[in-house]
Amino acid sequence: MNKITDTYDVIVLGGGPAGLTAGIYLGRAKLKTLIINEGSIGGQMVLTHAIANYPGAKVDISGRDLSLDMKAQAKTFGCKIESNVEVTSMDLSGELKQIEIDDDEVFAAKAVIVATGGTPRSMGVPGETKFKGSGVSYCATCDGDFFEGKEIIVVGGGNSALEEAVSLTQYASKVTVIHQFDHFQATEHAVKIARENEKIAFIMESEIQAVLGDQTLTGVELMNMKTNQRSIVSTDGIFVFIGYVANTVALPGSLALNSRNEIVTDAAMMTNLDGVFAAGDVREKRYRQITTAVSDGTIAALSAIDFIQS
Amino acid sequence: MLNTNLKHITSEADFKQVIESNEKVMVCCGRMGPMCLPVYDIMEDLEEKYESVVFYDMAFDSPDAHVIRNHPKSAGFMGLPFTYYFKNGEAVEATSSIQSKKQVKELLDKHFA
């Protein structure tokens with residue numbers, strides 16, 4: 001790791017609602033705070049076109065606008081924000097934690113709050129990466145109209161998968177939902193709406209093994225999870241909605257994770273490492289909402305303030 | 001017009017003028033959606049570092065965006081945004097769907113270094 005460029009009281013890793021809220025509280029407490037964000041500010045919040053359930057916000061504010069408001073608020077209280085950077089190295093073990101970005105600058109702090117969020121889960125099968133952007137999509141509202149009159153597959157069995165399958169029927173001539181289990185994780189209401197749609201077909205207990213095609217995507221190889229029988233299904237496109245994975249890959253192995261690779265914390269958002277806290281979707285919890293991320297960020301910041309002042 | 005801090009291309013004439021009067025041009029053609037926003041942000045971040053490159057956006061749904069939508073390099077593209085790299089008026093690279101900062105920098109370095 002290079003020489004330390006600058007030292008802070010607290011470094012927040014992640015610029016979603018949890019990280020920005022932590023930044024607001026830390027800044028207001030007059031702690032020198034740096035938010036390091038590998039993607040765009042707002043995290044998964046910017047995926048939401050209209051947020052109707054964030055208390056106090058104007059009805060149907062977009063995720064991007066809410067993100068920009070939170071970012072502006074954090075900056076008002078003195079937070080420095082480094083976004084669209086790559087964390088290339090980190091050491092969270094000592095009293096002074098160190099984080100290197102872009103193989104260049106190294107920032108140190110007495111406490112770190114990990115709020116790195118989650119990323120849409122990919123299928124991880126051959127052909128998926130090759131056809132990303134030319135047949136494989138993770139966003140129905142972005143790419144749905146490229147499939148006007150075409151036959152497509154939706155992968156997943158949660159609310160997102162079924163709601164997006166219904167939404168995609170406004171473009172596609174046929175939508176086939178492929179799900180690995182014999183039942184859906186989605187709510188009964190979402191299942192009912194999808195089942196009532198004549199354009200939607202279902203293939204249950206099956207998983208995609210490969211995305212097929214030479215120049216263009218032509219189909220998928222399926223495996224029935226019960227019989228292990230393989231088959232080919234023709235399609236023009238695939239939309240993948242199989243949940244999120246916590247962004248913990250780049251974190252040190254000494255940080256305690258659960259079996260789903262989410263960070264384990266106590267109620268004060270403390271991890272097993274002294275001076276390291278976690279907040280938002282990256283930590284082990286049941287409900288993942290903007291409001292719960294904001295709550296986590298608040299608690300993590302207040303705990304970090306206690307830690308530093310003690 | 002897109003709500004970004006980038007310079008905007010708003011017509012076919014504008015597009016021609018931009019790529020013909022600048023040696024190195026990056027154009028991101030998209031909407032205000034989740035796959036497009038990160039690319040605009042990355043471009044805004046890179047504007048200072050890549051002073052010799054001009055960065056523009058273009059609204060995918062504007063009629064004149066056919067110059068990008070129907071460009072030969074867009075064949076097979078089915079994910080927004082469509083991002084183009086022009087050198088001396090010629091498209092030297094094009095990508096479909098979201099890109100990371102690392103991927104964008106690699107292409108800028110490859111074609112415009």
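Begin by selecting chain B and colouring it by secondary structure: from the N terminus on, its elements follow the order β-α-β-α-β-α-β-β-α. In total, chain B holds four helices and five strands. Please keep in mind that the model on the screen is predicted.

Keep chain B selected and display its C-alpha trace. Along its principal axes, this trace spans about 30 × 30 × 25 Å. The radius of gyration of chain B is 12 Å, which agrees with the value near 13 Å that a compact globule of 113 residues would have. Buried residues make up 42% of the 113 residues in this chain. Of the contacts in chain B with a separation of 6 or more, 65% are between residues 24 or more positions apart.

Next, turn to chain A and select strands S8, S15, S9, S10 and S11. These five strands of chain A form an open sheet in the order S8-S15-S9-S10-S11, with parallel pairing. The edge strands are S8 (136-137) and S11 (200-203) of chain A, each of which pairs on one side only. Now select helix H4 (residues 159-168) of chain A, which packs on the sheet. Helix H4 touches strands S9 (151-155), S10 (174-178), S11 and S15 of chain A, and its direction makes about 165° with that of S9(A).

In general, the strands of a sheet pair through backbone hydrogen bonds, either parallel or antiparallel.

Finally, zoom in on strand S8(A) and strand S15 (residues 237-240) of chain A. The two strands run parallel and are joined by two bridges. Which residue of S15(A) is the bridge partner of A:Val136? Select A:Ile238 to see that partner.

Terms used:
Residues are numbered from 1 along each chain as its sequence is written. Chains are lettered from A and ligands numbered from 1 in the order in which they are written. This is a predicted model: local features need pLDDT of at least 70, side-chain atom pairs count only at pLDDT 80 or more; totals for chains, interfaces and linings use all residues. Two strands pair if DSSP finds at least two bridges between them. Two residues are in contact if their C-beta atoms, placed from the backbone, lie within 7 Å. Axes are lines fitted to C-alpha atoms, for helices over the stretch in contact, and angles run from 0 to 180 degrees between N-to-C directions. The radius of gyration is taken over C-alpha atoms; the globule rule is 2.2 Å times the number of residues to the power 0.38. A residue is buried if 20 or more other C-beta atoms lie within 10 Å of its own, exposed if 12 or fewer, and partly exposed in between; C-beta atoms are placed from the backbone.
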